[in-house]
Amino acid sequence: MQTQWLAGVSLAFVPPSQSSFRYHPDPVATGSAVTSMEACSVCGRTAGLAYEGPIYGRDPDGRVCLNCIRDGSASASLSAAGSRAEFTDVGGPECAGMSPTVLDEVACRTPGFYGWQQEHWLYHCGDGAAFLGRVGWPELQILPDAIESLRQEHAALGWTPELIEEYLRELDKDGSPSAYLFRCRHCGTHLAYSDFD
Ligand SMILES: [Zn+2]
Ligand SMILES: [Zn+2]
């Protein structure tokens, strides 16, 4: 770990490689991590890259660094009522058939992200997909496979094709409704789900 000195404070910066998670490759780009000089409330070291997302567990008394999310110590340290803290929900029907190992890594050792409603992960080829960030209709134009998965999501809910197309065009990266983009780590298919305020 590279150490720098600023105003007499030792800043142990997190090397870029340590910011990458297989199910969340670039948490800085997605807004789920920010650079911070505050101490991590779990390990006590300068956070470097601090988590910025939901925690389903005990509220941390300050920042939580990405290293503590990666090694599971944040999940263990923020446990509440006997359950380890999770950073995303893995209880939905989209998790059906997934191995407990995958679900454990997605829920407890991967940075989550903020959505309008309860966030969840997407899965493909028997594994968790990589979360790439929020997208709207303009960003989806080069991702026909993601558009198709959004159509299927709403068709399954009984929406008419006309209503679905109208809804998709309202998707806004920074607004509501918004879509959450993933890519399969095995076949490369893009997947998305959406929600609104
Ligand atoms: Zn830490
Ligand atoms: Zn796949």
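I count two residues as in contact if their C-beta atoms, placed from the backbone, lie within 7 Å. I am working on a predicted model, where local features need pLDDT of at least 70, side-chain atom pairs count only at pLDDT 80 or more, and totals for chains, interfaces and linings use all residues. Residues are numbered from 1 along each chain as its sequence is written, while chains are lettered from A and ligands numbered from 1 in the order in which they are written.

**Entry 1: the two domains**

I looked up the division of the chain. Domain 1 covers 1-121 and domain 2 covers 123-197; such bounds come from an automatic or database domain assignment. Their C-alpha centres lie 24 Å apart. I then asked how many residues of domain 1 are in contact with domain 2. On the domain 1 side, the touching residues are 10 nonpolar, four polar and two charged. Here Ala, Val, Leu, Ile, Met, Phe, Trp, Tyr, Cys and Pro count as nonpolar, Asp, Glu, Lys and Arg as charged, and the others, Gly among them, as polar.

**Entry 2: the chain as a whole**

I noted six helices and nine strands. Helices (H or I, at least four residues) and strands (E, at least two) are DSSP runs, numbered from the N terminus. The C-alpha trace spans about 60 × 35 × 30 Å along its principal axes. I checked the radius of gyration, taken over C-alpha atoms, against the globule rule of 2.2 Å times the number of residues to the power 0.38. For 197 residues a compact globule would have a value near 16 Å, and the 18 Å of the chain agrees. Among contacts between residues at least 6 apart in sequence, 57% join residues at least 24 apart.

I also looked at burial. A residue is buried if 20 or more other C-beta atoms, placed from the backbone, lie within 10 Å of its own, exposed if 12 or fewer, and partly exposed in between. By that count, 35% of the 197 residues are buried.

**Entry 3: the largest core**

I took a nonpolar core as a set of buried Ala, Val, Leu, Ile, Met, Phe, Trp, Tyr and Cys residues joined through C-beta atoms within 7 Å. The largest has 42 residues, and Val64, Cys65, Ala179, Leu181, Phe182 and Ala192 have the most contacts inside it. Elements that each supply at least two residues include strand 4 (46-51), helix 1 (66-70), strand 7 (130-135) and strand 8 (178-183). Both domain 1 and domain 2 give this core at least three residues.

Leaving out residues up to four places away in sequence, Val64 touches Cys40, Ser41, Val42, Ala50, Tyr51, Ile69 and Ala74. Leu66 sits in helix 1. It is buried because 25 C-beta neighbours lie inside 10 Å. Leu66 and Ala50 are 16 residues apart along the chain, with 5.9 Å between their C-alpha atoms.

**Entry 4: paired strands**

I call two strands paired if DSSP finds at least two bridges between them. Strand 3 and strand 4 pair antiparallel over five bridges. Val34 stands opposite Ala50 in strand 4. Six residues lie between the strands of this hairpin, where Gly44 takes a positive phi near 85°.

Phe131 has Phe182 of strand 8 as its bridge partner. Why is strand 7 largely enclosed by the rest of the structure? I found that five of its six residues are buried.

**Entry 5: Ser32**

Ser32 is in the loop between strand 2 (9-13) and strand 3 (33-39). Is Ser32 buried or exposed? It counts as buried, because 25 C-beta neighbours lie inside 10 Å. Beyond residues up to four places away in sequence, its contacts include His24, Tyr51, Gly53 and Phe113.

Most residues other than glycine have a negative phi, and most peptide bonds are trans. I looked for exceptions. Ala81, not a glycine, has a positive phi of about 50°. Ala81 is exposed, with 6 other C-beta atoms within 10 Å. Cys125 has a positive phi near 55°. Its place is the loop between strand 5 (123-124) and strand 6 (127-128). The bond from Ser176 to Pro177 is cis, with omega near 0°. Pro177 lies in the loop between helix 6 (161-170) and strand 8.
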